[in-house]
Amino acid sequence: METSTILADSLSALSDKQLIISWPGHQLSAPLDKPLLLLGRSPQGNDVIINSSVVSRKHATLRWEKGSYYISDGQMVQGEHQPSSNGVYFEGKRIEQHKLENGDVIRIPGENENFVILMYFDASAPPILETESIELNKEITVGRDERNDLIVPDPLVSAIHFTVSPTPDHQHVLRDLNSSNGTYLNGIKLVPDQPRLLRDGDEVHLASMHFRIHFED
């Protein structure tokens with residue numbers, strides 16, 4: 001008899017160190033492979049370009065120091081530090097500088113649903129040991145609300161974020177329920193309400209959580 005489980009643990013990097021950046025209608029992956037990287041809307045002078053109206057022309061700085069990346073609000077412009085207009089936020093608070101850890105979610109806010117999410121991945125980081133598994137013998141829901149089968153207490157997660165459902169031929173499909181910040185299957189953002197077939201080893205992530213799909217005979 002086949003047993004199907006979904007394993008929830010810390011985020012796994014898709015490459016050694018990178019940012020997965022998403023905003024309405026867009027997603028990009030930015031490898032972090034230099035000691036100094038500049039992030040902003042302008043194609044001039046930035047290493048990571050985010051063409052969103054909530055991002056300043058020169059928005060943030062990523063710097064490698066003592067074995068870690070740090071993200072700082074603003075950039076040096078003509079010898080003076082210039083902060084961004086909308087800031088850089090971590091865990092709901094505007095920050096001047098933050099040491100990035102595997103799985104950190106940075107937010108650049110805007111009005112309504114117009115905001116930018118930056119998710120940091122570091123494959124070399126040791127895994128977080130806390131895990132949880134749930135059998136997929138019925139449709140399960142995942143989200144922030146306590147009524148879900150798997151609860152993710154993260155403000156960036158929607159009340160009911162996605163479902164995993166069995167099919168008549170004993171397979172399983174993943175469906176994003178028009179979540180605010182999206183559901184990613186193997187690094188690709190899902191189109192809401194368009195189910196995708198799951199395979200053994202698939203990785204699903206949302207906000208600060210990572211899910212690994214595992215099927216056993």
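This is a predicted model: local features need pLDDT of at least 70, side-chain atom pairs count only at pLDDT 80 or more; totals for chains, interfaces and linings use all residues.
Trainee: Is strand E7 (residues 68-73) largely enclosed or open, and how many of its residues are buried?

Mentor: Buried here means under 20% relative accessible area. In a regular strand the side chains alternate between the two faces of the sheet. In E7, Ser68, Tyr70 and Ser72 point one way while Tyr69, Ile71 and Asp73 point the other way, and all are buried. The strand is therefore largely enclosed by the rest of the structure, the buried count being six of the six residues.

Trainee: Which residue of E7 is the bridge partner of Ala60?

Mentor: Strand E6 (residues 60-65) and E7 pair in the antiparallel sense over six bridges, and they form a hairpin with two residues between them, where Lys66 in the turn has a positive phi of about 50°. Within this pairing, the E7 partner of Ala60 is Asp73.

Trainee: Which residue in strand E12 stands opposite Ile71?

Mentor: E7 also pairs with strand E12 (residues 97-99), in the antiparallel sense and over three bridges. In E12, the residue opposite Ile71 is His98.

Trainee: How many residues does the largest nonpolar core have?

Mentor: Those with the most contacts inside this core are Phe162, Leu174, Leu198 and Phe211, and the strands that each supply at least two of its residues include E14 (116-122), E18 (162-166) and E24 (209-216). Leaving aside neighbours within four places in sequence, Leu198 is in contact with residues including Val164, Leu174, Ile213 and Phe215. Apart from this core lies another, of 24 residues, among them Leu19 and Ile71, whereas the size of the largest is 27 residues.

Terms used: Residues are numbered from 1 along each chain as its sequence is written. Side-chain values use heavy atoms; hydrogens and water are left out. A nonpolar core is a set of buried Ala, Val, Leu, Ile, Met, Phe, Trp, Tyr and Cys residues joined through side-chain atoms within 4.5 Å. Buried means under 20% relative accessible area, exposed over 50%, partly exposed in between (1.4 Å probe, protein chains only). Helices (H or I, at least four residues) and strands (E, at least two) are DSSP runs, numbered from the N terminus. Contact means heavy atoms within 4.5 Å. Two strands pair if DSSP finds at least two bridges between them.
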